[in-house]
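Welcome! Take a moment to look over the sequence and the 3D view, and then we will walk through them together.

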Amino acid sequence: MFIRMLLLLPLLALTTTSSGAARAQSQGPRVIEISAERFEFWPSEITVAEGEEVELRLRSDDTIHGFRIIGTGTNLAIPKRGKGFATTRFIGAVPGRYTFECNRMCGAGHNFMRGVLIVRPSSRGTGP
């Protein structure tokens, strides 16, 4: 039941927004481009709103890297430079901090290749 309510919240928010915001929402998720190179992701900190769906578009500027969001089912390979990009979608259903990391050995600094996805709580339901 709780999960069903979480899935319905974005729909309820859509019905209470202005027509301009509804049009923007119907165009699909916000695209966030992330590059991976030499033991870092850029940007390494991404903020989304609670209930927001984003498309993460990942490309490598050097070798093959992995991309995993800890605690979620997101786990993919980023092709090496010049071989395209990988995409995944993320919905900020629960506010908090979600660490992402390279999970494919890519060199001596591999263990430092991390970032964070921050889901900020919505202001719905808060008083003045």
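This is a predicted model: local features need pLDDT of at least 70, side-chain atom pairs count only at pLDDT 80 or more; totals for chains, interfaces and linings use all residues.

Residues are numbered from 1 along each chain as its sequence is written, and side-chain values use heavy atoms, with hydrogens and water left out.

## The open sheet

Strands (E, at least two residues) and helices (H or I, at least four) are DSSP runs, numbered from the N terminus. Two strands pair if DSSP finds at least two bridges between them. Strands of a sheet pair through backbone hydrogen bonds, either parallel or antiparallel.

Here, an open sheet is built from 4 strands in the order β2-β1-β4-β7, with mixed pairing. At its edges are β2 (40–42) and β7 (86–91), each of which pairs on one side only. On average, neighbouring strands of this sheet are turned by 30 degrees against each other, direction ignored; for such angles, axes are lines fitted to C-alpha atoms (for helices over the stretch in contact), and angles run from 0 to 180 degrees between N-to-C directions.

## Walking across the strands

Let us start with β1 and β2, which run antiparallel and are joined by 3 bridges. Alanine 36 has phenylalanine 41 as its bridge partner in β2. The hairpin of these two strands, β1 and β2, has 2 residues between the strands, and arginine 38 takes a positive phi near 40 degrees there.

Next, β1 (residues 30–37) runs parallel to β4, and 7 bridges join them. Leucine 58 has alanine 86 as its bridge partner in β7.

## A closer look at glutamate 55

The side chains of glutamate 55 and arginine 57 are joined by a polar contact of 3.0 Å. (A polar contact is a pair of N or O atoms within 3.5 Å; within protein, one must be able to donate a hydrogen and the other to accept it, and residues adjacent in sequence count only if both atoms are side-chain atoms.)

Contact means heavy atoms within 4.5 Å. Leaving aside neighbours within four places in sequence, the contacts of glutamate 55 include Val31, Ile32 and Thr88.

## Aromatic rings

Rings of Phe, Tyr and Trp (its six-membered ring) pair if their centres lie within 6.5 Å; planes under 30 degrees apart count as stacked, over 60 as edge-to-face and the rest as tilted. The whole structure has 4 aromatic pairs. One of them, phenylalanine 67 with phenylalanine 100, is tilted, at 5.2 Å centre to centre and 40 degrees between the planes. Phenylalanine 67 lies in strand β5 (residues 65–69) and phenylalanine 100 in strand β8 (residues 96–101), so their pairing ties together parts 33 residues apart in sequence. Phenylalanine 67 and phenylalanine 100 are both buried.

Phenylalanine 90 and tyrosine 98 are both buried too. Phe41, Phe67 and Phe100 form one aromatic cluster.

Key:
Buried means under 20% relative accessible area, exposed over 50%, partly exposed in between (1.4 Å probe, protein chains only).
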